[in-house]
Amino acid sequence: MQTLDLAAIELREMNATLHSQAETTNQTAWEIVNPKGAHAIACGIDAPIEVTVKGSTGYYCAGMNKQATINIKGSAGPGVAENMMSGKVVIEGDASQYAGATGHGGLLVIKGNASSRCGISMKGIDIVVHGNIGHMSAFMAQSGNLVVCGDAGEALGDSLYEARLFVRGSVKSLGADCIEKEMRPEHLAILADLLEQADADAEPEEFKRYGSARQLYTFKIDNAY
Amino acid sequence: MTDTTNGAPRTAPIQSATFSNPVNAEIRRAAATGIYDIRGGGAKRKLPHFDDLLFLGASISRYPLEGYREKCGTSVTLGTRFAKNPIELDIPITIAGMSFGALSGGAKEALGRGATLAGTSTTTGDGGMTNEERGHSNKLVYQYLPSRYGMNPDDLRRADAIEIVVGQGAKPGGGGMLLGQKISDRVAEMRNLPKGIDQRSACRHPDWTGPDDLEIKILELREITGWKVPIYIKVGGARPYFDTTLAVKAGADVVVLDGMQGGTAATQDVFIENVGQPILACIREAVRALQDLGLHREVQLVVSGGIRTGADVAKAMAMGADAVAIGTAALIALGDNDPKWEADYNALGTTAGAYDDWHEGKDPAGITTQDPELMKRFDPIEGGRRLNNYLRVMTLEAQTIARACGKSHLHNLEPEDLCALTLEAAAMAKIPLAGTDWYPGKPGTSY
C-alpha cells in the first residue's frame, strides 16, 4: 500500500504521482490521507490501480477517471467522477450535486444520498445510488443507467435522450419528455447486474423504469412550451 | 409613376423602411409555418464596426517605418499566466472554434492545413476532436463546451490549449442545435447519440454554476493536464467588463471575447440579430477590466466577431487585443458561398453570398455538410492553400498599416493611432471623433 498524505505534499504532487502509474505498474494499491475536502483529488487517473481516499473530498474527485477503482471513505463534493470514462468510483457517504455528470463509462456507486443534477448529461456511465437523489437529475442524459434505490426529486430525466432510469421509491415529478416505461426482462437483467456490482440490498422487481418519450427528438413547433 | 386616369400626378409608391421586403417576407414565412427561422452565418444587420474607425498614419509627430523593408513583428504568445507551455503563434490571427458535425471532415482538415501553413492555431468545436483535425493542426485548441460531446481526458492531453466556452457572440446565453439531417454515423458515434435525431447543446455547463465553481473546474482541468496547457475562457460580447473580470478571477490564461457579428452554425434568427453587442463596443471594456486588474498583456485577449481584413486585425490590436479569431471569414476563404455554385444556391432558393441554412446539411460547397456527395466537391488541400493565402494577406495588410503608424510590431499599435468616423463608433470604441480630441462619455466632459 502506497500512502499519499495531503498534509505533507501538495495536490499537484499527489495527482502527478498517480498519473505516472503505467498500465503495468505493480503499485496497485494507493491510499490518500488527510484529504480534508480538497478539490480535484485523484482526477485524470489512467491506470488499473485502486485508490482509497480516507475522508471527505471537495469538487471533482475522480474526475475523468479511466481504469482506476477509487473508494471515498467519506462524502464527496460536487462533480464527483464527472466525465468518467471507465473504472469504478464508490462513495461511502453522500455525494453533492452533479455526481457522475457527463460520464461516458464505468460505474459510480453512491452509498448515501446524491444531491441535485445526479447523472446530468450522462453519456454511458452507470450510476447506482443507495439512497435518494435530488432535482433535475439525469437532465439531457444520453445513455447509460441511473439506478436509485430511494426516491427521486423533481424533474427527473428532463429532456432525456436514451439513458435508462430505474427508481425504487417515489419520483416527485418527471421532467419534459420523461415517461414511465415497461420493465422488460432485459431491463431486469441489467438492473440485477448493477445492483450486485454496487452491493445494493434491493430486488430488481421493486423498481420502475423511466425513459424518453422521444417527442423532443425532432425539433418542431408542437414541442414548444 | 404617374396616375393617368384623371391626368393628376400621384406620389410614387414608397416601400416602408419598417415593413421592408425582407421583414414582410419573414412575416409571411412565420405565418405559413408557425415557427421561427433557424439559420447560421451570424448577424446580417448593419452594426457599428471597425469600418467606422480610421488609422492616423505618421507624418511629423509620428515617424513611419518603410514598407516591405523595415521589420514589423507579428508573433504572439498566448497563455503566459500559468501554463508551462504557452502557445506561440507566428501571426495574431487564429481560427475560431467550429465543430466537426456542423462542418465536414474535409473542411476541418482544410482549416488545420491552412492554419498550420500560416503558423497559427485552429480550434475544435462542439463535437469533439478528430484525428484528422489533430493531425493537420500544428497548434490545436480543444473546446470544453456545455454539451461535452466527445469529451475525454485523452483528447484534453492531446490539445495545445483548452478553451472553456461559456458564451458565443452570435448567441450569448443560448445553446446550440445540430439538426438530425447532419447526424451521420460518425457524428452520432462521437456524440453518444442515436443517428438522425436533433442534438442539443445546453446553454449552460452541467457541472458548475458560477465563477467560484468555474475556478475549481479550471483547477481540475489543470490537474488532469499537468498544468501544461493554457486555459482560455470564451465569452459572448454582452457584459464584457464584468465577464472578463470574472473570467480572470476564475483563473483564465486567455480571455476570448466574441462580438455579435460572430457566426454560428445554427440558431434562431431573432437571437442572432437581437442579442449581444457589436465587438466594437466590447473590446475597450474588456481591456479596461484587464487594466483594472493589472493584468493587461499578462492575460491575453483574443477578440472575434466579424473580423475580415488586415485593417480589422490592426484596429482590434490597437484597441488592446493581443490576437483575433476568424470563423465565417475562414469558411468564405475555403470556398463557402462561392459564386461558382450559384446554380446550386439558386436551387435552394437563395444566392451565393446569402446562403445561411447550414443546419440543413445541403451546402453546395461541401463545407457545412455531412452529405458524402457534396463533401466530394471540397478539396481540403486546396482549401488549406486558400486559407493560408488569406491569412497571409491579412497579416501583410495589418503590417502595412502598423508600419505607417510607425510600429515595429503589431502589438505596438495603440488607441492613439485611431480616430472615429461616427459618434456611435467614437462612443463605443472610446476613440476620439475624427478632427477632435473628444468622444462621447470621455471622463472630464459633461457629455
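Reader: By class, which residues does the lining of the second largest cavity have?

Author: The lining of the second largest cavity has four nonpolar, three polar and one charged residues. Here Ala, Val, Leu, Ile, Met, Phe, Trp, Tyr, Cys and Pro count as nonpolar, Asp, Glu, Lys and Arg as charged, and the others, Gly among them, as polar. Please note that this is a predicted model, in which local features need pLDDT of at least 70, side-chain atom pairs count only at pLDDT 80 or more, and totals for chains, interfaces and linings use all residues, while side-chain values use heavy atoms, with hydrogens and water left out. Residues are numbered from 1 along each chain as its sequence is written, and chains are lettered from A and ligands numbered from 1 in the order in which they are written.

Reader: Which residues line the second largest cavity?

Author: The lining consists of B:Gly125, B:Gly128, B:Tyr142, B:Gln143, B:Leu145, B:Arg148, B:Tyr149 and B:Met151. A cavity is a set of points, on a 1 Å grid over the protein atoms alone, where a 1.4 Å probe fits but cannot get out, and lining residues have an atom within 4 Å of a point.

Reader: Which residues are closest to the centre of the largest cavity?

Author: Of its 15 lining residues, B:Thr94, B:Ile95, B:Thr123, B:Glu163 and B:Ala325 are the closest to the centre. The elements giving two or more residues to that lining are β5 (93-95), β6 (121-123), β11 (231-236) and β14 (300-304) of chain B. Strands are DSSP runs of E with at least two residues, and helices are runs of H or I with at least four, both numbered from the N terminus. By class, the lining of the largest cavity comprises eight nonpolar, five polar and two charged residues.

Reader: What does B:Glu133 touch?

Author: Leaving out residues up to four places away in sequence, B:Glu133 touches B:Lys108, B:Thr123, B:Thr124, B:Gly128 and B:Leu140, where contact means heavy atoms within 4.5 Å. B:Glu133 itself sits in helix α3 (residues 131-136) of chain B.

Reader: Is B:Glu133 buried or exposed?

Author: B:Glu133 is buried, because its relative accessible area is 1%. Buried means under 20% relative accessible area, exposed over 50%, and partly exposed in between (1.4 Å probe, protein chains only).

Reader: Which residues of chain B does the UniProt "Glutamate synthase" annotation cover?

Author: The unreviewed UniProt entry places "domain: Glutamate synthase" on residues 84-335 and 359-407 of chain B. UniProt positions are given in the numbering used here, feature names are shortened, and annotations may be inferred rather than shown by experiment. Residues 84-335 are 37% helix and 19% strand, with end C-alpha atoms 37 Å apart. Residues 359-407 are 59% helix and 0% strand, and their end C-alpha atoms are 43 Å apart.

Reader: Turning to chain A, how many helices and strands are there in chain A?

Author: Chain A contains two helices and 11 strands, in the sequence order β-α-β-β-β-β-β-β-β-β-β-α-β. Its radius of gyration is 18 Å, close to the 17 Å that the globule rule gives for 225 residues, so chain A is as compact as a globular protein of that length. That radius is taken over C-alpha atoms, and the globule rule is 2.2 Å times the number of residues to the power 0.38. Buried residues make up 60% of chain A.

Reader: Why does A:Val51 count as buried?

Author: A:Val51 counts as buried because its relative accessibility is 0%. A:Val51 belongs to strand β3 (residues 50-54) of chain A. Beyond four places in sequence, A:Val51 touches A:Leu18, A:Trp30, A:Ile32, A:Ile45, A:Thr69, A:Ile70 and A:Asn71. The C-alpha atoms of A:Val51 and A:Leu18 are separated by 9.1 Å, although these residues lie 33 residues apart along the chain.

Technical notes:
1 Å grid on protein atoms, 1.4 Å probe; cavity = no way out; pocket = protein on both sides within 12 Å on 5 of 7 lines; lining within 4 Å.
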